[in-house]
Amino acid sequence: QVLLVESGGGLVQAGGSLRLSCAASGRTVSIYGKGWFRQAPGKEREFVAAINYSGSSTNYADSVKGRFTISRDNARNALYLQMNKLKPEDTAVYYCAARRDASYNPNYYYTASQFDYWGQGTQVTVSS
């Protein structure tokens, strides 16, 4: 099995920055695609960003383009989300997810149902 653990969430003022991390353990050799999702109270879980194994291909939700950057360090089995220019509407629980796919293309598979493993989430709160 695979265990994903997020960290780095917290309270920040609008315009500020946070960096989320996701540590993977277990059968990580089988993990290729990774992504970040978020869920605000009363709303469905939504896609934020995704990245392929090599890091050469990424995809972002329109609402975060130009502000968020997804990256990964395969040697450390880590996934990151750098969030800049945060807005109150970015407030949500952020989840790390992974997909078993040797040829993962983040532009084709980026819905929650297309990912196999999930972390427990980390809260991000942006105050106005």
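Reader: Is D73 buried, partly exposed or exposed?

Author: D73 counts as partly exposed, because its relative accessibility is 25%. Here buried means under 20% relative accessible area, exposed means over 50%, and partly exposed lies in between, with a 1.4 Å probe and protein chains only. The model is predicted, so local features need pLDDT of at least 70 and side-chain atom pairs count only at pLDDT 80 or more, while totals for chains, interfaces and linings use all residues. Residues are numbered from 1 along each chain as its sequence is written, and side-chain values use heavy atoms, with hydrogens and water left out.

Reader: Which side chain does D73 meet in a salt bridge?

Author: The partner of D73 is R76, at 3.7 Å from N to O. A salt bridge is a side-chain nitrogen of Lys or Arg within 4 Å of a carboxyl oxygen of Asp or Glu. R76 counts as exposed, because its relative accessibility is 65%.

Reader: How many salt bridges are there by this rule?

Author: The count comes to 6. Among them is the pair of R67 and D90, with 2.7 Å from N to O.

Reader: Where do R67 and D90 lie in the chain?

Author: They link distant parts of the chain, 23 residues apart. R67 is in the loop between β6 (58–60) and β7 (68–73), and D90 is in the loop between β8 (78–83) and β9. Strands are DSSP runs of E with at least two residues, numbered from the N terminus. Both R67 and D90 are buried.

Reader: What about D101, which side chain does it meet?

Author: D101 forms a salt bridge with R99, at 3.1 Å from N to O. D101 counts as buried at 11% relative accessibility, and R99 is buried with a relative accessible area of 16%.

Reader: Which residues do salt bridges that share partners join into one network?

Author: That network consists of R38, E46, R67 and D90.

Reader: Changing topic, how many disulfides does the structure hold?

Author: It holds 1 disulfide, a pair of cysteine sulfur atoms within 2.5 Å. C22 and C96 form this disulfide, and their sulfur atoms are 2.1 Å apart. The pair links distant parts of the chain: C22 is in strand β3 (residues 18–26) and C96 in strand β9 (residues 92–99), 74 residues apart.

Reader: Why is the disulfide of C22 and C96 left-handed?

Author: The torsion about the S-S bond of C22 and C96 is about -75°, so the disulfide is left-handed.

Reader: And is C22 buried or exposed?

Author: C22 counts as buried, because its relative accessibility is 2%. C96 also counts as buried, at 0% relative accessibility.

Note on methods. Helices (H or I, at least four residues) and strands (E, at least two) are DSSP runs, numbered from the N terminus.
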